[in-house]
Amino acid sequence: MPTPLVGLTLFIYLLIPGLVYNSQLRKRVPLRATSPLVEAGTLATVSLATNAIALTLFGLYRLVWSSHSPEPRRILGEGLDYTAERLGYVSAWTAALLFVSCGIAFWWGTGPRLTRHLTARFAPTIVDVSGWYQIFEEASDGHLVYVGCDMHDGAYLAGYLDWYSTEVEETADRDLALAAPITLKRGDGEEVLSVERVLVSARDIVRMFVAYVVPENSLHPREGSAE
């Protein structure tokens, strides 16, 4: 029967890395709300994966410097008889392995290029994310996102994407911000607004045109795209 201390340690190991991964992922990708069971399962799965990697690294370390690390066989066999005499030493190693596991979870959650490629290769074709996110984030590295909007009042507004709401539910309450140079067309007239940003509400947009352009190119999406 696990002691309260062991149970608390296992709980932390099954929770903290997953929480680190989830917090970083939410900064990068808008996620839909899930049931507590699914969310807990996700946290535990990520934690198990990162902890397995951390333990593998620990095993490789022991192959080289076995005398400078705790002995897992004695910990499992002797339990508190072994750890009580080396509580600080074993606790420091436990904390170090948790730190490594959280570091892996942090790296994974930030979406490095390798994990993005793996995700794209093995992910299903149905993506349960916001359409805005799916389209705006397809731009290649070094390209800017240029957005043109047909508005409900008949005007056409265009500029570089500066920010957009990552709300997963595609409601009219979302906003996006366009950065200069910002072009406004009304009827036959066209002007470049002398402002740095324009905040546009989704409820005022009929349709959007998106182009991925190099920074020095200010081409309108309806006029073509640039590589």
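Is leucine 63 buried or exposed, and what is its relative accessible area? Leucine 63 is exposed, with a relative accessible area of 70%, where exposed stands for over 50% relative accessible area, buried for under 20%, and partly exposed for values in between (1.4 Å probe, protein chains only). The structure is a predicted model, in which local features need pLDDT of at least 70 and side-chain atom pairs count only at pLDDT 80 or more, whereas totals for chains, interfaces and linings use all residues. Residues are numbered from 1 along each chain as its sequence is written, and side-chain values use heavy atoms, with hydrogens and water left out.

The secondary structure of the protein chain comes to eight helices and six strands, these being DSSP runs numbered from the N terminus (helices, H or I, of at least four residues; strands, E, of at least two). Read along the sequence, the elements follow the pattern α-α-α-α-α-α-α-α-β-β-β-β-β-β. Of the 227 residues of the chain, 32% count as buried, and the accessible surface comes to about 14400 Å², of which 61% belongs to carbon and sulfur atoms; such areas come from the Shrake-Rupley method with a 1.4 Å probe, and for residues only the protein chains shown count as cover. Among contacts (heavy atoms within 4.5 Å) between residues at least 6 apart in sequence, 62% join residues at least 24 apart.

Leucine 63 is found in helix H3 and belongs to a nonpolar surface patch that also includes Ile53, Leu57, Leu60, Val64, Trp65, Phe99 and Val100, with about 840 Å² of accessible area together. Patches are made of residues with over 30% relative accessible area and no salt bridge, like charges being joined within 9 Å and nonpolar side chains (Val, Leu, Ile, Met, Phe, Trp, Tyr) within 5 Å. The elements that give two or more residues to this patch are helix H3 (36–64) and H6, and H3 gives the most, with five residues. In helix H6, the buried residues include Val90, Trp93, Leu97, Leu98 and Ile104. The 23 residues of H6 (residues 87–109) should span 33 Å at 1.5 Å a residue, and the end C-alpha atoms are 32 Å apart, which agrees; the expected span is 1.5 Å times one less than the number of residues.

The largest nonpolar core has 19 residues, and those with the most contacts inside it are Phe136, Leu157, Leu176 and Val200. A nonpolar core is a set of buried Ala, Val, Leu, Ile, Met, Phe, Trp, Tyr and Cys residues joined through side-chain atoms within 4.5 Å. Helix H8 (131–136), E1, E2, E3 and E5 are the elements that give two or more residues to this core. Leaving aside neighbours within four places in sequence, valine 200 is in contact with Met151, Leu157, Arg174, Asp175, Leu176, Leu178 and Ile205.

Five salt bridges are found in the whole structure, each being a side-chain nitrogen of Lys or Arg within 4 Å of a carboxyl oxygen of Asp or Glu. One of them joins aspartate 153 to arginine 186, with the closest N and O atoms 3.5 Å apart. This pair links distant parts of the chain, 33 residues apart, with aspartate 153 in the loop between strand E1 (144–151) and strand E2 (156–164) and arginine 186 in strand E3 (residues 175–186); both residues are exposed. In another salt bridge, the side chains of arginine 203 and aspartate 173 meet (2.5 Å, N to O). Arginine 203 lies in the loop between strand E5 (197–201) and strand E6 (205–213) and aspartate 173 in the loop between E2 and E3, so this pair ties together parts that are 30 residues apart in sequence.
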